[in-house]
Amino acid sequence: AKVAPPAAATTTTTTTATEDGGEGTDEEKTDDNNDGIDPLDAAAHAAIGAENLLPALTKYILSTCRGGRLDTIRTVCRLLLRLKRYRATLVVRVVDELLERIYHGVETNDYREQQRRVGEIFMLAELYNTGIVRSQCVFQILDLLLQYGHQVPRDRLNDRYRAAGVTVFHPLVLSKIDRANDPFRVKLVCLLIDTCSKTLVRKRNAKGLR
């Protein structure tokens with residue numbers, strides 16, 4: 001069987017007018033054998049500016065939290081675990097952006113973003129299950145969901161707390177962004193604990209969590 005030779009570069013000839021009224025020829029070579037850029041080629045990434053791809057990739061990965069199924073989010077977290085070895089910068093950026101979105105969601109409490117916030121909390125729990133984030137990050141988000149907006153006014157604190165400048169939280173303190181008749185934060189807390197409880201609660205820390 002005959003194997004076709006690789007496509008050679010073609011030459012395009014154009015005719016242009018010269019200053020003395022004659023005609024000249026200009027030749028341009030174009031390469032027909034253009035296979036594109038290897039997505040795993042580090043040199044090619046540097047040539048096209050790989051840093052410019054990180055924001056787009058991060059946005060695309062986190063878009064699974066909006067309307068995405070939980071199985072899809074779980075698969076994305078497993079993919080990030082595989083990419084952590086080769087593209088650690090991308091994984092770190094995704095985690096940072098995810099935490100920022102969770103903080104922003106708690107601060108604004110927009111009911112139109114509830115489905116997205118559920119996906120973000122589930123992604124955080126799955127990132128912990130895969131070992132990408134640590135337990136301290138999970139506990140910080142739990143404290144945020146339980147306490148944010150319920151700060152005790154400083155005029156009602158005793159002198160010891162005032163002198164230390166400590167912020168005290170209490171669930172009975174009313175909050176405009178977490179009203180008593182809005183159980184959405186409770187749902188997020190239950191989702192986070194239920195998703196990562198099997199890996200979060202262990203024999204060595206079970207007594208402390210109780």
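**Ground rules**

I am working on a predicted model, in which local features need pLDDT of at least 70 and side-chain atom pairs count only at pLDDT 80 or more, while totals for chains, interfaces and linings use all residues. Residues are numbered from 1 along each chain as its sequence is written, and side-chain values use heavy atoms, with hydrogens and water left out.

**Salt bridges**

I searched the whole structure for salt bridges and got eight. The term stands for a side-chain nitrogen of Lys or Arg within 4 Å of a carboxyl oxygen of Asp or Glu.

I went back to Glu-126 and found its side chain in a salt bridge with that of Arg-74, at 3.5 Å from N to O. This pair joins distant parts of the chain, with Arg-74 in helix H3 (residues 70-83) and Glu-126 in helix H5 (residues 114-129), 52 residues apart. Helices (H or I, at least four residues) and strands (E, at least two) are DSSP runs, numbered from the N terminus. Arg-74 counts as partly exposed because its relative accessibility is 25%.

I then checked Arg-116 and Glu-120, whose side chains form a salt bridge at 2.3 Å, N to O. The two are about one helical turn apart, because they are four residues apart in helix H5. Both Arg-116 and Glu-120 are buried. They also belong to a network of salt bridges that links them with Arg-66 and Glu-113.

**Asp-178**

Where is Asp-178 found? I located it in the loop between helix H7 (159-164) and helix H8 (184-200). Asp-178 counts as buried because its relative accessible area is 14%.

Asp-178 forms a salt bridge with Arg-185, the closest N and O atoms being 3.7 Å apart. Arg-185 is buried as well. I also noted a polar contact of 2.8 Å between the side chains of Asp-178 and His-150. A polar contact is a pair of N or O atoms within 3.5 Å; within protein, one must be able to donate a hydrogen and the other to accept it, and residues adjacent in sequence count only if both atoms are side-chain atoms. Leaving aside neighbours within four places in sequence, Asp-178 is in contact (heavy atoms within 4.5 Å) with Asn-109, His-150 and Arg-185.

**Second largest pocket**

Of its 15 lining residues, the closest to the centre are His-150, Pro-171, Asp-178, Arg-179 and Ala-180. A pocket here is an open set of points on a 1 Å grid over the protein atoms alone, with protein on both sides within 12 Å along at least five of seven lines; lining residues have an atom within 4 Å of a point. Points are joined across faces, edges and corners, and a volume is the space filled by probe spheres set on them. Helix H6 (135-147) and H8 each give two or more residues to this lining, and H8 gives the most, with three.

**Cavity**

How many cavities of 30 Å³ or more are there? I found one. A cavity is a set of grid points where a 1.4 Å probe fits but cannot get out. Glu-120 is among its lining residues, as are Arg-117 and Ile-121. H5 gives the most to this lining, with three residues.

Terms used: Buried < 20%, exposed > 50% of the residue type's maximum accessible area, 1.4 Å probe, protein only.
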